[in-house]
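The sequence and the structure come before the discussion.

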Amino acid sequence: MSNGRMGGSGEVRTGRVYDPPGPGGRARVLVDRLCPMACPRTRRRWTSGARDVAPSNDLRKWYQHDPEGFAEFTTTYTAELDDPERAAAFAGLVARSRQGPLTPLTATKQVDISHAAVLAQLLAR
């Protein structure tokens with residue numbers, strides 16, 4: 001993850017979309033491509049979405065949250081963030097993180113080895 005991409009200056013930590021918001025009004029941004037089916041629109045627990053920052057379907061299907069593949073996933077996903085559409089979405093997250101605490105949200109059960117974790121690392125720089 002050393003491609004020179006600069007993150008924001010606010011506190012960044014990951015979370016699951018199913019977790020209730022904590023106190024303090026931190027921005028919660030869904031970074032998955034699809035809206036989780038278990039979270040109907042009326043019960044959303046996130047401030048906004050940044051679906052264009054999600055990894056490609058091919059990468060997501062290859063990875064399948066295998067801990068042994070996380071390093072390669074991180075390298076490939078970080079390279080995908082150079083795609084203009086993903087780069088613009090990431091720039092939006094950087095701008096938001098500079099405004100205050102930010103939580104990239106995902107539906108996965110393994111948040112610590114997800115794209116949200118990669119984004120949090122990049123944003124924390």
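## Strand pairing

Two strands are taken to pair if DSSP finds at least two bridges between them. In this predicted model, strand E2 (residues 27-30) and E3 run parallel and are joined by 2 bridges; within E3, Ser-48 is the bridge partner of Val-29.

This pairing belongs to an open sheet of 4 strands, in which the order is E1-E4-E2-E3 and the pairing is parallel. The edges of the sheet are formed by strand E1 (15-16) and strand E3 (48-49), each of which pairs on one side only.

## Burial of helix H4

Helix H4 (residues 115-124) is largely enclosed by the rest of the structure, because 8 of its 10 residues are buried. The buried residues are His-115, Ala-116, Ala-117, Val-118, Leu-119, Ala-120, Leu-122 and Leu-123, and what covers them includes H2, helix H3 (84-97) and strand E4 (102-106).

## Crossing of H2 and H4

The axes of helix H2 (residues 70-80) and H4 come within 10 Å and cross at roughly 65°, and the crossing is right-handed. On the H2 side the contact is made by Phe-70, Phe-73, Thr-74, Tyr-77 and Thr-78, and on the H4 side by His-115, Val-118 and Leu-119. Of these contact residues, 5 are nonpolar and 3 are polar, while no charged residue takes part.

An α-helix has 3.6 residues a turn, so residues three or four places apart point the same way.

How values were computed:
Residues numbered from 1 in each chain as written. Predicted model: local features only at pLDDT ≥ 70, side-chain atom pairs only at ≥ 80, totals over all residues. Heavy atoms only, no water. Axes fitted to C-alpha atoms, helices over the stretch in contact; angles between N-to-C directions. Left-handed = near helix turned anticlockwise from the far one by under 90°. Contact = heavy atoms within 4.5 Å. Nonpolar A, V, L, I, M, F, W, Y, C, P; charged D, E, K, R; others polar. Buried < 20%, exposed > 50% of the residue type's maximum accessible area, 1.4 Å probe, protein only.
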